Amino acid sequence: MLGLSGAGILTQEKIITVSFNHTIIAAKDRHESAKFYRDIFGLPEALSWGPFINIQLDDGVLLQFAEPPVEIQMQHYAFLVDDDRFDRAYTWLQENGVEHWADPQRQRPNETNTEHGGRGVYFMDPAGHGLEIITRPYF
């Protein structure tokens, strides 16, 4: 019998799950961008190879920073963290003079938000990508 489960698709042979493994983040300077993310999140260096400077998140997801030979288009990346890591990241943003906002429209500078039952903050990385840190998922 075939059916669905919360972990993925249930087949007669095995459960097929879906998880996120890695992504490439375009950077003007891959070393600078990787260091920025490591500093914010307090992450160690990861093994890097080829054109990538890598960092690994706590859940095993690999962020690979590369310098593409094209104009970089802004992307949005949101990170779910616990309250302690949020406090550490927010302190780092403030101490390092990183512009930040409570909202994606940038109408509430130098603030955090308390939406969705947690806290959140928006800011830009060195390549111009929009980053968001939240302490509770949206749903």
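Leaving aside neighbours within four places in sequence, His129 is in contact with Ile25, Ala26, Ile72, Gln73, Met74, Gln75, Tyr77, Phe123 and Met124 (contact means heavy atoms within 4.5 Å). You'll find His129 in the loop between strand 9 and strand 10 (130–134), and this histidine is buried, with a relative accessible area of 1%. On the cut-offs used here, buried means under 20% relative accessible area, exposed means over 50%, and partly exposed is in between, with a 1.4 Å probe and protein chains only. For a sense of distance, His129 and Arg119 are 10 residues apart in sequence and 20 Å apart in space, C-alpha to C-alpha.

A word on what you're looking at: this is a predicted model, so to speak of a local feature takes a pLDDT of at least 70, side-chain atom pairs count only at pLDDT 80 or more, and totals for chains, interfaces and linings use all residues. Residues are numbered from 1 along each chain as its sequence is written, and side-chain values use heavy atoms, with hydrogens and water left out.

Now step back to the whole chain. It has two helices and 10 strands, and from the N terminus on they run β-β-β-β-α-β-β-β-α-β-β-β. Both kinds of element are DSSP runs numbered from the N terminus: helices are H or I with at least four residues, strands are E with at least two. The C-alpha atoms fill a box of roughly 55 × 40 × 30 Å, taken along the principal axes. Of the 139 residues in the chain, 36% are buried. Among contacts with a separation of 6 or more, 50% come from residues 24 or more positions apart.

Next, the two helices. Helix 1 (residues 30–41) and helix 2 (residues 83–95) pack at an angle of about 125 degrees, and their axes are 7 Å apart. Axes here are lines fitted to C-alpha atoms, for helices over the stretch in contact, and angles run from 0 to 180 degrees between N-to-C directions. That angle makes helix 1 oblique to helix 2, given that under 35 degrees counts as roughly parallel, over 145 as roughly antiparallel, 65 to 115 as roughly perpendicular and the rest as oblique. On the helix 1 side, the contact is made by Phe36, Asp39, Ile40 and Phe41, and they meet Arg85, Arg88, Ala89, Trp92 and Leu93 of helix 2.

Helix 1 also holds Ser33. Ser33 is buried, at a relative accessible area of 1%. Beyond its neighbours within four places in sequence, Ser33 is in contact with Ala27, Phe65, Pro126 and Ala127.

What about Phe20, buried or exposed? Phe20 is exposed, with a relative accessible area of 55%, and lies in the loop between strand 3 (15–16) and strand 4 (22–26). Phe20 and Val61 are 41 residues apart in sequence, yet 6.6 Å apart in space, C-alpha to C-alpha.

Finally, have a look at the loop between strand 8 (100–101) and strand 9 (120–124), where Arg106 sits. Phi of Arg106 is near 60 degrees, a positive value in a residue other than glycine. Most residues other than glycine have a negative phi. His116 lies in the loop between strand 8 and strand 9 too, and its phi is likewise positive, near 60 degrees. Arg106 is partly exposed at 42% relative accessible area, and His116 counts as partly exposed at 45%.
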